Every structure is written in structure tokens, then in C-alpha cells.
Amino acid sequence: MLFTSYLFIGFVLLTLLLYYSFPKRFQWMILLFASMVFYAYSGIGNLIYILTTVLTTYLAATQIGRLQNRTEVYISEHRQELSREERKTYKAAMKKKQRLLMVSCLVFNLGILAVIKYSNFTIDNINKIADMFHKGTISFLDIALPMGISFYTFQTMSYLIDVYRAKHPPEKNIFRLALFTSFFPQIIQGPISRYEDLSQTLYGSHDRNGREIMFGLQRVLWGFFKKLVIADRMVIAVNTIINNTDDYSGIYVFLLMILYSIELYADFTGGIDITIGIAQMFGIKMKENFERPYFSKSITEFWRRWHITMGTWFKDYIFYPISVSQPMLKLSKNARKWFGDALGKRMPVYLATIVTWFATGIWHGASWNFIVWGLLNCLVIMISQEFTPLYERFHRHFPYGNTTWYRAFQILRTFLLMSAIRVLDCYRNVGLTFKMAGTIFTDWNLKGLLQGGWNTLGLTIADIILLCAAVLLVFMVSMLQRSGSVRVKIEQKGPYAVFAVFLLLFVGILIFGAYGTGYDSNQFIYNQF
Amino acid sequence: MKKIIRIGIMLLLALGLLYGVQQLLMPKYKSEILEGSMIAEYYQEDLKEHDVLFISDCEVYENFSPITLWEDYGITSYIRGSAQQLIWQSYYLLEDTLKYETPEIFVFNVLGMQYAEPQSESYNRMSLDGMRWSMTKLHAVEASMMPDEELISYLFPLLRYHSRWNELTAEDWKYIFVKDTKTFNGYLMQAGVKPVTYVPEGRVLADYQFGDICYEYLDKMVALCKEKGIIPVLVKAPSIYPYWYDEWDAQMVDYAQKNDILYINFLDVAEEIGIDYTTDTYDTGLHLNVYGAEKLSAYFGQILQETYQLTDHRQDPVYQKIWQDKTDAYYTEKARLIAIEEAEKEAGQ
């Protein structure tokens with residue numbers, strides 16, 4: 001069920017109607033039912049995967065919770081009889097059991113994800129190697145990717161790890177855990193919610209709050225605007241360039257970098273706006289996933305502001321655990337001996353960074369493009385980290401760092417750098433990507449673009465003007481957001497201003513949205529992850 | 001109370017704006033693809049009382065002239081035709097029309113039997129967008145939609161035509177709320193001449209049997225006519241192609257016999273009608289031009305008159321004024337089109 005389909009809009013309206021019509025104690029059950037219906041619509045068989053993950057996570061978390069309780073009870077009951085050492089030994093033994101449970105469950109659920117998402121990628125690589133040695137090939141598996149598997153697997157993993165870390169107790173009701181895992185607005189493309197955040201409002205009783213519903217609706221509309229007016233119009237030009245490599249090289253690849261960055265931003269943030277807006281209409285608060293990322297002045301800052309919930313997930317559950325793991329601490333100790341204090345200290349961090357970015361890349365998709373994309377991000381981050389002393393020295397000699405122009409330069413530099421790395425999303429393989437990127441330097445051809453080439457990308461002059469205006473509007477809204485919520489600002493202008501903005505946005509989407517006959521129904525880009 | 005009034009005003013403003021935008025963006029079909037406006041024109045008829053109602057595809061709205069039927073026999077008639085009209089659309093248009101009037105004769109052109117599945121979104125639109133909203137239209141839309149079409153876009157055509165924002169012309173602004181008619185009681189006049197140069201052979205078909213669904217809707221039309229006391233008449237217009245197969249004709253003859261319905265295949269009597277395919281068609285035989293349509297209508301009018309003894313309304317003051325105006329407009333348009341044709345011919349020489 002596409003977010004941008006009439007069916008989905010009807011589905012949300014009906015769910016809202018039921019949600020606020022029934023007694024409040026049934027609200028979360030209605031959401032669970034709606035989420036199951038939504039999920040089953042993608043294929044009734046897919047329910048098996050998500051329900052298996054829910055069940056195994058529930059069983060493991062409950063058991064871990066029991067072991068934690070038992071430890072506490074035992075220790076408190078036998079505090080007098082046991083020595084400190086004995087208490088420590090008992091705790092360690094119990095922790096080991098918990099770890100075993102957690103790891104088994106994680107391996108099982110990650111195994112499902114790995115088999116479904118990465119089998120064919122692995123087979124493809126094995127076949128390529130086999131081909132080099134003229135050996136036989138393995139047949140590809142015919143498995144469809146269940147909707148949102150990467151998102152819900154990560155979400156349940158964080159839930160289980162947090163239970164293990166005793167950050168929160170396990171959820172006693174399996175149906176409530178099922179809702180946390182499958183909550184329909186977020187299942188497709190996140191945000192990747194944490195149980196301790198989402199559970200605060202997900203299961204609560206919510207009164208019908210006109211202001212919250214209106215705010216949610218406004219956010220949904222803003223999401224639709226970005227998705228339908230910008231992303232789904234921009235994708236026409238993007239696909240024209242990607243699918244016709246013989247005709248579009250040089251400056252077109254540079255143009256692709258820019259256009260794809262804008263498209264991805266409009267598409268992904270638009271989808272998240274719809275998700276968070278819908279949740280808000282149900283009275284549920286979700287974590288923000290973006291914080292004006294294109295205003296970032298460095299790639300590190302960019303990744304703190306782009307897909308925030310994914311970034312923090314990788315940081316909390318991969319980067320930090322690896323960084324502070326025993327082998328890494330040992331490595332750090334040895335490295336300091338061999339390479340000196342400064343480099344020795346950084347080495348485990350860099351190793352953890354490489355692993356994290358490799359995982360980030362492969363999480364995005366089973367292809368070398370994404371792996372290289374992740375590692376390139378990692379490389380840029382590490383280089384900028386290594387050059388930090390150099391930058392600092394430069395800024396001491398040339399104190400322009402705080403000027404508006406320098407900040408604008410930093411923003412532009414970060415945007416172009418991120419856009420350049422993202423081209424790996426576009427072309428079908430790494431070799432072709434680098435070949436096409438190379439043409440920027442060998443086959444610029446600005447003349448070709450100016451002498452009518454721009455007119456062959458599938459967009460009319462009216463489309464281009466509309467896109468420029470829409471992107472400018474998004475930019476202006478982003479500027480306004482720096483000093484607080486735009487919706488609150490509009491609200492302060494009075495009901496007629498709210499009405500006018502609402503109506504203009506609604507009519508604007510209806511007229512200028514790239515939907516319906518003549519436009520392909522475009523799935524959100526992040527749905528594939 | 002004040003709040004309710006404010007919300008009411010806002011809602012009215014919103015609905016007004018949406019309606020206005022929708023009216024602006026919907027295609028007007030006034031200077032091009034005139035077929036698109038024909039279904040809606042019916043509702044503008046001042047006097048919805050007709051002896052004969054034609055409903056079908058282009059083979060009725062291009063080949064039969066209600067003005068000739070009026071002038072020669074005093075028969076009042078209307079054509080609710082649309083391009084590539086599917087048989088279930090014909091049925092629902094009949095049902096729709098019978099809400100306004102009950103004619104004595106209902107004429108259906110049997111070429112509509114050839115399609116057992118929806119064919120094209122754009123033709124669907126031309127047949128359905130013009131219908132007034134009712135359960136009949138809803139059923140017609142449901143029966144006609146292509147797999148990728150959405151019912152809601154028929155309910156709110158803005159959802160279908162929104163992308164026209166960058167192709168609006170002066171015509172869209174001119175006809176935003178104003179309506180006028182481009183046909184003569186549903187007859188779309190053409191005065192060009194493009195003779196038939198060869199008669200194509202029909203390609204061999206795997207199956208000549210009309211679809212079950214076509215028979216189902218034909219039965220429904222006949223049943224509806226019988227229920228309302230209307231006489232159904234089946235015709236096959238004398239268009240050279242799309243090819244009308246003998247096997248198809250045999251099925252229609254058989255159906256007409258079984259149901260005691262008059263069926264006339266005008267292809268068989270084209271010579272008797274006096275149709276000259278070198279002068280009476282404007283597109284090498286697909287459709288007749290105004291000269292051919294007048295000949296065919298005169299011939300068919302006589303059959304209707306003799307077979308069903310329809311009342312001659314020419315002396316009836318209720319009809320006289322209305323039909324005189326229609327006739328005047330018809331001949332003015334005919335003269336205009338002929339003048340254009342002659343000017344083009346001269347320019348060509």
C-alpha cells in the first residue's frame with residue numbers, strides 16, 4: 001500500500017475514525033489491528049516473518065527479564081550469606097545466560113534478514129568468482145523481501161539489547177510488542193524507534209486533540225508536497241540521466257548528483273513527515289529523523305542530522321560496543337606501544353568506524369554500490385578527522401572560520417561531497433558509477449546542456465520553474481525552522497492564516513503533484529531498504 | 001456559534017476554490033476532440049422529448065443526422081454517442097437518459113459488440129466524464145475502468161486532470177463555467193471529402209463469437225426498453241471499416257430474430273441508400289460526412305416512419321421553434337464547414 005495511494009489515505013482516515021470512536025483502552029489494539037492489515041496487504045505470507053521476529057524477541061526478552069529478576073531476588077535474599085566475590089560470580093553466570101539468549105535471538109533474526117536480503121548478493125559474488133575459474137554457477141533464490149524487514153529487525157534488536165542492558169524491563173504483553181514492531185506509519189521507512197521512546201505514547205490513552213490532529217495533518221501535507229511535487233517530478237530527469245548513460249555524461253552526471261540529492265531529500269524527509277504526521281494525529285510522538293541536514297558544515301555533522309535514528313542505532317549498537325570491546329581495548333594498548341599514543345588511541349576507533357560504515361552500507365542494500373558508498377563515507381570522515389589539526393592551524397592563521405561566506409562554503413562543500421558519494425545509489429554497478437563520474441572531468445559538455453540538452457530530460461520549462469519554486473519554498477521553510485516550529489508560527493498568526501496555508505498547500509499538492517495518469521507511482525526510495 | 005460560522009465560511013471557500021480549479025483544469029473539448037464534450041451536451045437540451053434515441057459509438061454520432069430526420073419526417077431524435085463507446089457504457093447511458101425521457105425507439109449500433117473488455121482510459125473518460133453523477137454513472141465507471149484507473153479520479157476529476165496546469169489555454173478560461181454545444185442533437189458534423197480508395201479485407205480472427213458480457217448488456221438494454229415500452233432497433237452503420245465480419249452479422253441476425261427486434265445492416269443497402277463512397281465519407285470510409293449522413297438518415301427515417309408510424313411533429317408548435325433554431329444552426333455550420341473545405345481545396349490547387 002503506497003503512502004501516496006488513495007487507498008492508504010482512506011486506510012488512515014478509517015483507522016483514525018475507529019481510533020477516536022472506541023473507548024481509549026482499545027486504541028492501541030486498533031493500531032495493532034490496522035498495522036497487521038497494512039502489513040498483510042503487502043502479502044499475507046509476509047506476516048510469518050514479522051510475527052516470527054516478534055515471537056522470538058518476546059520470548060528472549062521475557063526470559064532475560066526473568067533472569068534479571070531472579071538475579072536481583074537471589075542477591076537480595078542471600079546478601080548476608082554470600083561474599084562479594086560469590087555475588088559477582090553469580091551475577092556473571094546469570095549475565096552469561098542472558099547474553100546467550102540475546103545473542104541466539106539476534107543471530108536468528110539477523111539470520112532471517114541475511115538469508116532474505118543477502119543470499120542472492122552472496123550467490124552472485126560466488127558465481128562471479130566461480131566464473132573466473134570456469135566453474136558451475138549456483139541458482140538464485142526466489143525470495144521476495146518482506147516489507148520493512150530491515151527496519152523492524154533493527155527495531156527489535158535494539159529493544160532486546162536494551163532489555164539485556166536493563167535500560168527498560170521487557171514488555172509483558174506480546175501484542176503490545178507486536179504493535180511496537182509493526183506500527184504501520186513507520187514500518188516502511190522508519191524512523192527506527194526505540195522502545196523507551198515510542199512506548200511512552202504508543203500504548204497510552206489519547207483524547208481527540210484538534211490541535212494535534214491539525215498539526216499532524218499539516219505535517220502530512222508538507223510530506224506529500226515534498227514527495228509528490230518535488231521528488232516524483234525530479235525523478236523523471238534523474239531516471240532519464242541514469243538510464244541513458246551513452247547520451248548523458250559529463251555535466252549531466254554532475255547535474256544528476258545535485259538532482260538526486262534534492263530528490264532523495266524530498267522523498268525521504270517527505271516520507272518521514274508523513275509518518276511522524278500520521279503518528280501525531282494518533283497522539284503518538286516519534287523521534288525526529290532529520291534536522292536540516294543540508295545545512296551541515298561537515299560530513300560528520302551531516303550524519304548527525306541525516307537519518308538520525310539510523311545513525312544513533314549504528315552508533316549505540318555497533319560502533320560503541322565494538323570500540324569498547326575487549327579485543328579493541330587490547331588492540332589499542334598494543335597500537336599505542338607500536339605507533340605512539342595519538343595514533344594508537346585512534347586505531348580502534350577507526351576500526352570500529354570502518355565496521356560501522358560497512359554495516360551501514362550493506363544495511364542500505366545488498367550490492368557493492370552500497371558497500372562502497374558506506375566505505376567512502378567512512379574514508380571522508382577519517383580523512384577529515386586526521387586533517388583536523390591541519391584545519392585548526394589553518395584557521396588560526398586565517399581567521400575566516402566564523403564568517404558567513406566561509407560557513408556557506410562549508411555547507412556547499414559538504415553538500416557536493418555527499419552528493420558525489422551518493423551517485424553510487426544511481427548507477428547499476430560500482431564500475432559504471434566511477435566511469436560516469438569520471439566523465440565529469442573528461443567530457444564536461446556544458447554547451448550540449450545549454451543548447452537544448454536540458455530540454456531532453458523529460459521535464460518541461462514549466463516543470464523546471466515549478467521545481468525551482470518548490471525547492472526554494474522548502475529552503476525557506478528550513479530557514480524558518482531554525483528559530484522554532486513553523487506550524488506554531490503559523491498558528492500564532494491566527495485561524496485564517498492556518499486555513500490559508502493549509503488550503504494553499506492542499507490545492508498546491510492536488511494541482512502540482514506528480515501523481516495519477518501520466519506519472520508512474522513512485523515508491524519511496526527508502527522503502528527498498 | 002461564531003466559530004461554526006467561521007468554519008462554515010472556510011469550508012465553503014475551500015470547496016469553491018477546489019470546484020473552480022477543477023472546472024478550469026478539466027478539458028473543454030471545444031476546439032479539438034469535440035467528441036469529449038458530447039455526453040454532457042445532452043443535459044443542456046431544453047426539451048428532452050425525443051421519438052428516437054441513438055446510443056453507441058462514432059458510427060452513430062458521425063453517420064446519423066437528427067436534423068434530416070426532423071426535416072424529412074418530423075421525427076425528433078438525439079444521439080448519445082461517444083468515441084469507442086463500450087456496450088456497458090451504452091447500457092448505462094440508456095439508463096441515464098431514461099431518467100429524463102422515454103423515447104419511442106432506441107437505436108443501438110452493433111459495432112459496440114466487438115469489445116468485451118475496457119479498451120482505453122482516454123475513451124473511457126470521453127464517455128463517462130460528461131455523465132451527471134448518479135448510481136448509474138458509478139456503475140458505468142466501475143464497469144469501464146482499466147486496471148490502473150482509480151474510481152476516485154472519476155468522482156473528483158481534478159485528480160485526473162491536475163497535470164493540465166501547464167497546458168491551459170484561453171479556451172480553458174473561457175469555458176470554465178460557460179457551456180455551449182458543438183453538436184446537433186449529438187450529431188458531429190464533418191464536411192470534408194476523402195474517398196474510399198480500397199476496401200480492406202478483415203484480418204482473420206481466432207474467435208468470431210461476441211463476448212458473453214456483450215450479450216449480457218445487449219440483453220439488459222433490450223429488457224430495459226421492453227420494461228419502459230420502448231422499441232429497440234439494432235443497426236450496423238455503413239462504415240467500411242472497422243471491418244464487419246459475416247460471422248458477426250450472422251450473430252446479430254440471429255439475436256434480432258430470437259428477440260423479435262428489427263436489425264438493419266446498412267452496409268448491405270448502401271447502394272440503395274445512395275451512398276457514394278467517393279464523395280460521402282471524410283476519412284476513406286470509417287465515417288460518413290454530412291452528405292452521407294443526410295442520405296443515410298433520410299433512408300432510415302423512412303423505415304422508422306413506415307414501420308413504427310412515428311408522429312410527425314413538424315406542425316407541433318411545442319417543437320417547431322426549438323427545431324427551427326437547431327436547423328438554422330445546422331445549416332449555418334454546414335455552410336461554414338463547406339466554405340472551409342472549398343478554401344482548403346483552392347489553397348491546395
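This is a predicted model: local features need pLDDT of at least 70, side-chain atom pairs count only at pLDDT 80 or more; totals for chains, interfaces and linings use all residues.
H14(A) and H15(A) cross in a right-handed sense. The division of chain A gives domain 1 (6–208), domain 2 (209–286 + 443–529) and domain 3 (296–426).

**Helices H14 and H15**

- The axes of H14 (residues 341–364) and H15 (residues 368–386) of chain A come within 7 Å and cross at roughly 150°.
- Angles over 145 degrees count as roughly antiparallel, and H14(A) and H15(A) are therefore roughly antiparallel to each other.
- On the H14(A) side the contact includes Arg346(A), Tyr350(A), Trp357(A), Phe358(A) and His364(A), and on the H15(A) side it includes Phe370(A), Trp373(A), Cys378(A), Met382(A) and Glu386(A).
- By class, this contact of H14(A) with H15(A) has twelve nonpolar, seven polar and two charged residues.

**Helices H9 and H22**

- H9 (residues 210–243) and H22 (residues 495–512) of chain A have axes that come within 9 Å and cross at roughly 30°.
- That angle makes H9(A) roughly parallel to H22(A).
- The crossing of H9(A) and H22(A) is left-handed.
- Residues of H9(A) in the contact include Met214(A), Trp222(A), Phe225(A) and Arg233(A), while those of H22(A) include Val498(A), Phe502(A), Gly508(A) and Phe512(A).
- The contact of H9(A) with H22(A) has 14 nonpolar, two polar and one charged residues.

**Domains 2 and 3**

- The C-alpha centres of domain 2 and domain 3 of chain A are separated by 29 Å.
- Twelve residues from domain 2 of chain A and 14 residues from domain 3 of chain A make up the contact.
- Between them, domain 2 and domain 3 of chain A bury about 1300 Å², with 76% of it on carbon and sulfur atoms.

Methods: Residues are numbered from 1 along each chain as its sequence is written. Chains are lettered from A and ligands numbered from 1 in the order in which they are written. Side-chain values use heavy atoms; hydrogens and water are left out. Axes are lines fitted to C-alpha atoms, for helices over the stretch in contact, and angles run from 0 to 180 degrees between N-to-C directions. Helices (H or I, at least four residues) and strands (E, at least two) are DSSP runs, numbered from the N terminus. Angles under 35 degrees count as roughly parallel, over 145 as roughly antiparallel, 65 to 115 as roughly perpendicular and the rest as oblique. A crossing is left-handed if the near helix is turned anticlockwise from the far one by less than a right angle, and right-handed if clockwise. Contact means heavy atoms within 4.5 Å. Ala, Val, Leu, Ile, Met, Phe, Trp, Tyr, Cys and Pro count as nonpolar, Asp, Glu, Lys and Arg as charged, and the others, Gly among them, as polar. Domain bounds come from an automatic or database domain assignment. Buried area is the accessible area (1.4 Å probe) that two parts lose on being put together, summed over both.
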